[in-house]
Amino acid sequence: MNVVSDEHKATLRQWHEELQEKRGLRASLRRSATLNDVCLSEGFHSLMVQTHSLWNTQGKAWRFTALALVAALAAQVKTIDDRQTFAAQLGQKTGDTPVMSRLRFARLSAVKTPDELLRQLRRAISLLHGSVNLLSLAEDIFRWCREQDDLLNHRRRQQRPIEFIRIRWALEYYQAGDADNEQNQ
């Protein structure tokens with residue numbers, strides 16, 4: 001089950017197009033070094049207004065954090081490439097190595113705070129030269145924030161192991177590399 005609805009994904013795609021045209025909004029997000037900076041930026045406020053029902057949910061403050069992360073990272077995305085999931089894009093091979101090295105991928109999978117996640121995902125987007133599946137990334141960020149909130153509040157959600165974001169990222173990352181190997185043989 002998706003956390004981000006199709007309606008919100010359409011709004012995010014439209015906002016991203018708007019962000020490409022309004023350089024001031026995009027610049028305010030790119031200059032943000034921390035999540036706190038993002039929350040104070042003009043670019044984030046423009047997304048917040050358009051997605052009120054996505055983040056303003058009683059008892060789910062983590063959604064606000066997730067939206068701020070999505071806004072900051074969307075400013076780094078030049079083009080939306082929705083042919084593969086975000087994690088699969090990182091695992092695609094360029095020559096003999098994946099776009100994101102296994103060591104960097106391990107660092108991404110091990111992050112514990114939203115600010116760390118922001119730094120690692122900015123690096124990942126840079127490795128993809130700004131061509132990212134933004135909608136997949138947004139869904140992943142919302143799932144990551146929900147899982148972190150559950151962990152911090154000692155809640156246990158009933159879900160299959162492959163539904164946890166870190167496990168799903170690993171599966172998609174390594175399967176993308178395996179698929180590239182099979183095509184080359």
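This is a predicted model: local features need pLDDT of at least 70, side-chain atom pairs count only at pLDDT 80 or more; totals for chains, interfaces and linings use all residues.
Visitor: What's the geometry of Phe44 and Phe64?

Visitor: Where do Phe44 and Phe64 lie?
Guide: Phe44 is in helix H4, residues 42–50, and Phe64 is in helix H6, residues 62–74. The pair therefore ties together parts that are 20 residues apart in sequence.

Visitor: Is Phe44 buried or exposed?
Guide: Phe44 has 0% relative accessibility, so it counts as buried.

Visitor: And Phe64, buried or partly exposed?
Guide: Partly exposed, with a relative accessible area of 28%.

Visitor: What about Trp62 and Phe142?
Guide: Trp62 and Phe142 also form an aromatic pair, and it is edge-to-face. Centre to centre is 6.3 Å, and the planes make 75°.

Visitor: Which parts of the chain does that pair link?
Guide: Distant ones: Trp62 sits in helix H6 and Phe142 in helix H10, residues 134–152. They are 80 residues apart. Trp62 and Phe142 are both buried.

Visitor: Which residues do ring pairs link into a cluster?
Guide: Phe44, Trp55 and Phe64.

Visitor: New topic. Which residues gather in the positive patch on the surface?
Guide: Arg104, Arg107, Arg119 and Arg123. Helix H8 (102–109) and helix H9 (114–127) each give two or more residues to this patch.

Visitor: Where's Arg123, and how does its accessibility count?
Guide: Arg123 is in helix H9. Its relative accessibility is 40%, so Arg123 counts as partly exposed.

Terms used:
Residues are numbered from 1 along each chain as its sequence is written. Side-chain values use heavy atoms; hydrogens and water are left out. Patches are made of residues with over 30% relative accessible area and no salt bridge: like charges are joined within 9 Å, nonpolar side chains (Val, Leu, Ile, Met, Phe, Trp, Tyr) within 5 Å. Accessible areas come from the Shrake-Rupley method with a 1.4 Å probe; for residues, only the protein chains shown count as cover. A salt bridge is a side-chain nitrogen of Lys or Arg within 4 Å of a carboxyl oxygen of Asp or Glu. Lys and Arg count as positive and Asp and Glu as negative; His and the chain ends are not counted. The place of a charge is taken as NZ of Lys, CZ of Arg, CG of Asp or CD of Glu. Helices (H or I, at least four residues) and strands (E, at least two) are DSSP runs, numbered from the N terminus. Buried means under 20% relative accessible area, exposed over 50%, partly exposed in between (1.4 Å probe, protein chains only). Rings of Phe, Tyr and Trp (its six-membered ring) pair if their centres lie within 6.5 Å; planes under 30 degrees apart count as stacked, over 60 as edge-to-face and the rest as tilted.
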